[in-house]
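User: Can you walk me through this model? I'd like to start with the DNA.
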Number of protein chains: 2
Amino acid sequence: MGTTAKALSLLDLFTPARPSAGLSDVARLSGLNKATCYRLLTELAAMGLVEQAGPAREYRIGPAVLRLAALREAAVPTREAALPVLTRMAEATGETAHLSHLVAGRLTTRAFVYSRAHATKVMMEDADILPFHATASGLSVLAFLPDALRDSILRHPLAQYAQRTPTDPAEVLAQLDGVRRAGLAEVASAFEADVHGIAAPLFGPVGDVIGATAIATPASRMTPVLHARISREVARGAAEITAAWGGRAPDEVAGRWAAAA
Amino acid sequence: MGTTAKALSLLDLFTPARPSAGLSDVARLSGLNKATCYRLLTELAAMGLVEQAGPAREYRIGPAVLRLAALREAAVPTREAALPVLTRMAEATGETAHLSHLVAGRLTTRAFVYSRAHATKVMMEDADILPFHATASGLSVLAFLPDALRDSILRHPLAQYAQRTPTDPAEVLAQLDGVRRAGLAEVASAFEADVHGIAAPLFGPVGDVIGATAIATPASRMTPVLHARISREVARGAAEITAAWGGRAPDEVAGRWAAAA
DNA sequence: GTGGATGGTTCATTATTCAAACCGTTGGTT
DNA sequence: AACCAACGGTTTGAATAATGAACCATCCAC
C-alpha cells in the first residue's frame, strides 16, 4: 500500500458513529504507526481534508470535501437523478426506500426517502457503510460481483449484528444463486433486528454492479401482499436508476425485472 | 511538499470550469512528473477519490467524496446554518447573496441564494475558487489574514480578470486598511465586468478569519440607497453567520457591524 | 506525586519518487 | 497510405522521501 493510499484510508475511519478521533485512536484503528498517522493527518489537514477541533484536538473530516462533493454532484448528479425514483418507491410502498453505492469496495449509503404512511418506519443514516453479508443491498451487490472481489470480501470475518446474521461464508454464498436468478435479494433481521429488506443491484455502463437500491420495512408489517408490492417497486426502481445513471443491467436481470414489474 | 500533499493537490485541479482532465493535463497543470501523476491518480482512484470516465479515460472527482461530505455536514452543518441568513440577505436586497469559505489557503464558494426580485441577477457557481485580489469576499478575508499568509498570497502574480482588476500588490494592500476599519469590503468590475460586490469577513472561534459573505449586484443597478441597504444586510448577515458557526468577530469589527445594522 | 494516557518529535534505515526515455494507440494531415 | 504528434501507460538508476521505535512534555485520575 502506497503512502497516498495510507493517508486516504485514514479518511475511511470516520463514520456517522465515530465522526471524530484523536491521534492515538487513528493509529490504533488504522494499524499504522503513530508518527506516520501524525504526518499523514497533518498533510490532510493542510489541504483541509481533515481538521482538528475542540479542546481535545480531535481530528474530523474537514471542509475541503464540501467543494469536492459539490463538483462531483455537478458533474455526475447521481443523487439528484435517483431521488425522484426513491420517492416514488417510498410512496408506493409506504416504507423507507434507500440507495447505496459501491465505492472502493465499500457499500455506502447515498440517499434515502421516508414515507409518511405509518407512524413507525425504518430509519437510515447517510454516509453509513453497510455490511455485505447482513443486508439485502449487500447481498444483491455480492451476487453480481466478480468472483475475486466477492471472495476477498467473504474472506474477512463476518460480524454478527443481530440474531439471524449469517456469519458463515458458505451460508452467504448459498443465497447468491437465488439472488442472481431473481435480480432481487431479501434479508430479515440480519443487520437490525425486526427490519426486513428487499433490494436489487444497480449496474454501471458495462454491466458491472455499482450499488443497490432497497426498501426496508419493520418486520411486523410484512405481509404477502406488501412483499409482492415491494418486490415490484424495487425491481422497477432499480431498472430506472440504472438507466438514469447511464448503466446497463445484464440481459437476464433486465428480463427478470421487466417480468416482476 | 510530501507525497500526500501532492496527491491531494491533484484534487484541486478539478474545478467547475474543468471538471475532468487527462493524465497529461494533470501532469502539466500540477507540474509533477507524468509517471508520478499516474501513480497518484491510480491510488486516488482505488479509494474512489477520483475515477476514470468516458472513452478518453479522463479523470474526474470520484464518488467517495460524497460520503465524506455527508459526514462533514452531519458533524458541522455550516451550509445548513448559513442558508437561512443568505436567504434573508437575498430577499432584503433583491440581489444575489453568497458565502465563501477559506480552506487550505483557498477561498471556495460554499453556498449562494438568488433573489427573484429582478429579471437580471448575478449568477454564481458552487465549488468555484475565488481570487483574493479581485473580489470583495477576497479583500475582506485578506484584510484580516495574518501578515505572513497575506504576504504569501500577494507574492503570487495577480491575474487580470476584468478592466478594473488591481494587478499591483500595493494597490490591493492600500485598500485593506479601509476594509479593516469598516468590517466591509467593496469591489466593482474587478472579477466579472459590471458586477458590484460588497462583502464582510466571517470569523472562527478565536477571531481568525475563515471566510466571507457577500452580496453581488449588476453594476447598472447600484444606487446610493441600494448601497446602504446592502451594506447593512451584509454586516448583519456576517455577524449572524459568524455567531451561528460558533465564531467570534474581533471587538472592533463587531462594533462596526452593530453600528451599521 | 505517580501511572498511564495523550499529542507531538527525533533520526538511522528503508522504500518511494523523480526525470527521462521508451511502448503501443489514436486521431488528424498531408 | 504514410506520417506525425499527442495520448495513456510503463520502465530505469539516481535522488528523495517515508518509516517506525523510542523519546518528550503535558494532562488528568487516583
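**Around the DNA**

Analyst: DNA strand D is surrounded by 17 residues. The closest are A:Ala35, B:Gly2, B:Gly22, B:Ser24 and B:Ala35. Here, near means that the C-beta atom, placed from the backbone, lies within 6 Å of the strand. This is a predicted model: local features need pLDDT of at least 70, side-chain atom pairs count only at pLDDT 80 or more, and totals for chains, interfaces and linings use all residues. Residues are numbered from 1 along each chain as its sequence is written, while chains are lettered from A and ligands numbered from 1 in the order in which they are written.

User: Which helix gives the most to the surface near DNA strand D?

Analyst: Helix 3 of chain A, with four residues. Helices are DSSP runs (H or I, at least four residues), as are strands (E, at least two), numbered from the N terminus.

User: What classes of residue are on that surface near DNA strand D?

Analyst: Five are nonpolar, seven polar and five charged. Nonpolar means Ala, Val, Leu, Ile, Met, Phe, Trp, Tyr, Cys and Pro; charged means Asp, Glu, Lys and Arg; the others, Gly among them, are polar.

User: New topic. How many residues does the contact take from chain A and chain B?

Analyst: 38 residues from chain B and 38 residues from chain A. Contact means C-beta atoms, placed from the backbone, within 7 Å. On the side of chain B that touches chain A, helix 4 of chain B gives the most, with 11 residues. That side has 26 nonpolar, six polar and six charged residues.

User: What rotation superposes chain B on chain A?

Analyst: One of 180°, with 0.0 Å of shift along its axis (RMSD 0.1 Å). That is the relation of a two-fold axis.

How values were computed:
Two residues are in contact if their C-beta atoms, placed from the backbone, lie within 7 Å. Copies are superposed by least squares on the C-alpha atoms of residues with pLDDT of at least 70 in both.
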